[in-house]
Amino acid sequence: MTVPVTRSTVWAVVRRPTLWRVALRLAPRGWWRRSPHLPLPDPAYLRFRMVTMYGDATHAPETDDLVTYLEWCRRFRAVRR
């Protein structure tokens, strides 16, 4: 079971270079070797996040929610330094 990721969601991250590094940190090693050749997080982690956010492991991440989460991760890491 995989969580669907829409093109608009991918495009929202691609348009924001400041979020690329964050997205890459969430991706498993060797992500480029596996289809869909995108730096997506581990499927188990993504299912967990969808359950905690939407109550449904198969719910597609909403674009605004994903961008907000990645921005939060970026700011949180900057504060920790």
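The model is predicted, so local features need pLDDT of at least 70 and side-chain atom pairs count only at pLDDT 80 or more, while totals for chains, interfaces and linings use all residues. Residues are numbered from 1 along each chain as its sequence is written, and side-chain values use heavy atoms, with hydrogens and water left out.

**The largest pocket**

- The largest pocket holds about 560 Å³ of space. Its lining has 26 residues, and the closest to the centre are Thr9, Val13, Pro41, Leu66 and Leu70.
- A pocket here is found on a 1 Å grid over the protein atoms alone: it is an open set of points where a 1.4 Å probe fits, with protein on both sides within 12 Å along at least five of seven lines, and lining residues have an atom within 4 Å of a point. Grid points are joined across faces, edges and corners, and the volume is the space filled by probe spheres set on the points.
- Which helices each supply at least two residues of the lining? They are H1 (7-14), H2 (17-26), H3 (43-54) and H4 (63-80). Helices are DSSP runs (H or I, at least four residues), numbered from the N terminus.
- H3 gives the most to this lining, with six residues.
- By class, the lining has 21 nonpolar, two polar and three charged residues. Ala, Val, Leu, Ile, Met, Phe, Trp, Tyr, Cys and Pro count as nonpolar, Asp, Glu, Lys and Arg as charged, and the others, Gly among them, as polar.

- The structure holds three aromatic pairs. One of them joins Tyr69 and Trp72, which are stacked at 6.3 Å centre to centre with 25° between the planes.
- Rings of Phe, Tyr and Trp (its six-membered ring) pair if their centres lie within 6.5 Å; planes under 30 degrees apart count as stacked, over 60 as edge-to-face and the rest as tilted.
- Tyr69 and Trp72 both lie in H4, three residues apart, which is about one turn of the helix.
- Trp72 also pairs with Phe76: the ring centres are 5.2 Å apart and the planes are at 15°, so this pair is stacked. Trp72 and Phe76 are separated by about one helical turn because they are four residues apart in H4.
- Together, Tyr69, Trp72 and Phe76 form one aromatic cluster.
- Buried means under 20% relative accessible area, exposed over 50%, and partly exposed in between (1.4 Å probe, protein chains only).

**Helix H3 and its ends**

- H3 has twelve residues and reaches 16 Å from its first C-alpha to its last, close to the 16 Å expected at 1.5 Å a residue. The expected span is 1.5 Å times one less than the number of residues.
- Asp42 sits in the loop between H2 and H3 and is partly exposed, at 37% relative accessibility.
- At the start of H3, a side-chain oxygen of Asp42 reaches to within 2.9 Å of the backbone nitrogen of Ala44.
- Just after H3, Gly55 takes a positive phi of about 80°.

**Residues to find in the view**

- Thr9 belongs to helix H1 and is buried, at 1% relative accessibility. The side chain of Thr9 makes a polar contact with the side chain of Thr63 at 3.1 Å. A polar contact is a pair of N or O atoms within 3.5 Å; within protein, one must be able to donate a hydrogen and the other to accept it, and residues adjacent in sequence count only if both atoms are side-chain atoms.
- Thr18 lies in helix H2 and counts as exposed at 52% relative accessibility. Thr18 and Arg74 are 56 residues apart in sequence, with 8.2 Å between their C-alpha atoms.
- Thr18 and Asp42 are 24 residues apart along the chain, and their C-alpha atoms are separated by 21 Å.
- Arg29 is in the loop between H2 and H3, and is exposed with a relative accessible area of 81%.
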